[in-house]
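Thanks for coming. I will go through a few computed features, one chain at a time, and then stop for questions.

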Amino acid sequence: MKILIKNGRVVDPAERRDGVFDVLCVDGKVAKVGKGLPAEGVDRMVDARGWVVAPGFIDLHTHLREPGYEYKEDLKSGTEAAAAGGFTTVLCMANTQPVNDNAVITEFIVRKAREVGVVRVVPVGAISKGLEGKTLADIGQMADAGIIGVSDDGRCVMDSALMRKALQYARGFNLLVISHAEDENLSGPGSINEGATATELGLPGSPNAAEEIIVARDIALAELTRARLHIAHLSTRGSLDLVRAAKKRGVAVTCEVTPHHLMLTDEAVRGYRTEASVRPPLRSAEDVAALRKGLKEGVVDAVATDHAPHASFEKEVEFVKAAHGLVGLETALPLCLRLVEDKVLRLPDVIRLLSAGPAKIAGFKGRGTLKPGSDADITVFDPGAKGKIDASRFRSKSRNTPFDGWPVRGRVHYTIVGGKVVYDEGHFNS
Amino acid sequence: MPPKNKDLLGIKDLKREQIVEVLETASRMKARLASSPQKLDDLKGKAVINLFFEPSTRTRASFELAARRLSADLLTMTPQASSLTKGESLQDMVENLEAMGPRLLIVRHGSSGAPGLIARHTKASVINAGDGSHEHPTQALLDVFTVCETLKITDYGDLKGLNVLIVGDLAYSRVARSNLFAFRKLGARVTCVGPATLLPPGLESFGARVGTDFDRELPGADVVMLLRIQKERQEKLNFPSLAEYTRFYGLTKERHARMKPEALIMHPGPINRGVEIDPDVADGRTGGGARTVILDQVHHGIPVRMAVLSLWGARE
């Protein structure tokens, strides 16, 4: 099987490549990147003139909801949403029902994703059994079954001794430990940033310190254990400063930031808009500015969606009862391209944060780049295409987004996974 | 003139002129009530539903009486909030009520923002009768009305020079928020004092002065508004003991003696006697000095709520 992508602007940050080239894929791998590659014997030609050809995007933080919450999302709908958003690999979190805390569930996800999934699905296992924060999950057996890391995402491991053991133990299997940094005693029921908006609305707020305390703790534990720590959905200036300083000391810590924490402040919650109820909460303008600066300076290693689908009946409720989270796979690229418009980032930076950056964190060899020999995971998009975010057209089963109606640029035309066009101008081929 | 906003969800959304209009209407209502007959027909033939998800005696009774005085067809419902665990059923319930074609829905709910959520699912005008820690707009309106009536202020839109001191639980009190917004919009100076743990961030951004020293602010106050302490909730986290609270923030006899003689003492009720306020001070038995107008507040609840129901009920 040979695919030739002609005349696109090939942006491959890992290879420091940015220019008009052809990309030839043979049998699932990138075979050649060059000018005027011959089309002889090619099964499929893609004309990418005026578009960008990028390494397939990798989302470090997705909730696919299967097993257990298929009414919100499942492995098919979630991976379709991923493909439509230009993602070729997604890491799915363990807070399913039952929890992915043992090899049986991991195997189920891996197998089912292979059967019905449109893109690559890599599970993240739980740190603790049942996400209860009490005893370690079957981490080694899950590693054998295909997890690349562990996280109790959605919950914080509040017991520092257990978190230490998790880091030590995971290191023995060369697994990444992903921290949902939230001191739950301090954040309480807060799903809005502590500040004037929370006060005005009479909602319980969660202070930045609730996140920063755990970021500081987990960095200290990573130093102690020499394990690989990744901070999920980092949201405050203080957390970023902690990561920056830790990196300087040589601690193996990385972090991700979500598009929504880069685009919105806690003002988005006004009117009790539950679509904007997320954990960690949307922060202040000062935090947003700091996160954007962190992207620019390279302290932030990746942009991740924290795609968290919820049914409308879980969102159309009193604010404090609303499920936390928003869907993100299909809005990530256009929102990130706004950062280019806002002159925060250049286009290659956006692509790096969505491909090479996450690939490195997840330890994916031969992904996140178009270097010959790599997996032919490729996203072809038009960065200039004007449009509006239209939640009614999402491939995800859920519609919970505060970005509905936002004018944006950027349209994904093709998503190629392992040399196969899985998303083709709005159509899927699994 | 009926208000432009479909609903009355909070003072924050009201313009100064709208507040003044309610107060002027309340003043006319009060005069009309004073002359017989006491029954008016502003809401004749219109259905009003009192929807109280949270227990409340005085606010519910006050709204009921106001609606009856305006000849509304009144229905009072007190659904158990616990049976409504999913928003779907709250929505369902509102859609069912909607089918009965009410003109006004008066909503009390334990969750901030719930009346707004209900308002999105009904054509009726929703009047917020207190939601979570958010707002309690009619309480603030009747408080302002009481201040104006007692101090013989006739220009409701100009409270410049009036010093209002709000004391206690600024973090969880919906009465505090609504009063802060109302008095600020009308030009009064508002100072919030309480234990630092009950002073949420951002109060200054709403135009309040904020402090922790009750004794320092007390002598300058024209109005001292004491907020109810929710004993069960507060004692655990926000201050060490009720005794300590009273020592620093209770309106004791000693403190009462140091108030301006013409000042007013207010409390949205129900009072924790001996906690926020000394029983004798509450009942006006201390003689001389600042006046307690707690029962006047209750009394003015009727004309003010009649004004609100009449104005919002007149919307097409």
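**Chain A, then chain B**

Asp138(A) has a relative accessibility of 27%, so Asp138(A) counts as partly exposed; that term covers what lies between buried, under 20% relative accessible area, and exposed, over 50%, with a 1.4 Å probe and protein chains only. Before I go on: this is a predicted model, where local features need pLDDT of at least 70 and side-chain atom pairs count only at pLDDT 80 or more, while totals for chains, interfaces and linings use all residues. Residues are numbered from 1 along each chain as its sequence is written, chains are lettered from A and ligands numbered from 1 in the order in which they are written, and side-chain values use heavy atoms, with hydrogens and water left out.

Where is Asp138(A)? Asp138(A) lies in the loop between strand S8 (120–125) and helix H3 (139–145) of chain A. Helices (H or I, at least four residues) and strands (E, at least two) are DSSP runs, numbered from the N terminus. Leaving aside neighbours within four places in sequence, Asp138(A) is in contact with Asp101(A), Asn102(A) and Lys129(A), contact being heavy atoms within 4.5 Å. Between the C-alpha atoms of Asp138(A) and Val253(A) there are 24 Å, and 115 residues along the chain.

Next, the aromatic rings. Rings of Phe, Tyr and Trp (its six-membered ring) pair if their centres lie within 6.5 Å; planes under 30 degrees apart count as stacked, over 60 as edge-to-face, and the rest as tilted. The count by this rule is 13 aromatic pairs over all chains. One of them is Tyr169(A) with Phe173(A): the centres are 5.2 Å apart and the planes at 55 degrees, so this pair is tilted. Tyr169(A) is partly exposed at 40% relative accessible area, and Phe173(A) is also partly exposed, at 36%.

Tyr272(A) and Phe319(A) have ring centres 6.5 Å apart and planes at 70 degrees, so that pair is edge-to-face. The pair links distant parts of the chain, 47 residues apart: Tyr272(A) is in the loop between helix H9 (259–263) and helix H10 (285–297), and Phe319(A) in the loop between helix H11 (312–315) and helix H12 (332–341), again of chain A. Are these two buried or exposed? Tyr272(A) is buried, at 11% relative accessible area, and Phe319(A) is buried at 3%.

Ring pairs also join Phe57(A), Phe87(A) and Phe381(A) into a cluster.

Two charges sit over rings. The charged end of Lys35(A) is over the ring of Phe21(A), 4.7 Å from its centre, and Arg367(A) lies over the face of Phe364(A), 4.5 Å from the ring centre. The rule asks for NZ of Lys or CZ of Arg within 6 Å of the ring centre and within 35 degrees of the ring normal.

Now chain B, and helix H1 (residues 16–34). Its 19 residues at 1.5 Å each should span 27 Å, and the end C-alpha atoms are 27 Å apart, which agrees; the expected span is 1.5 Å times one less than the number of residues. Buried residues in H1(B) include Ile19(B), Val22(B), Leu23(B) and Ala26(B). The buried residues of H1(B) pack against helix H2 (58–69), helix H5 (137–150), helix H6 (174–185) and helix H12 (294–313) of chain B.

Which residues meet between H1(B) and H5(B)? On the H5(B) side they are Leu141(B), Val144(B), Phe145(B) and Glu149(B), and their partners in H1(B) include Ser27(B) and Lys30(B).
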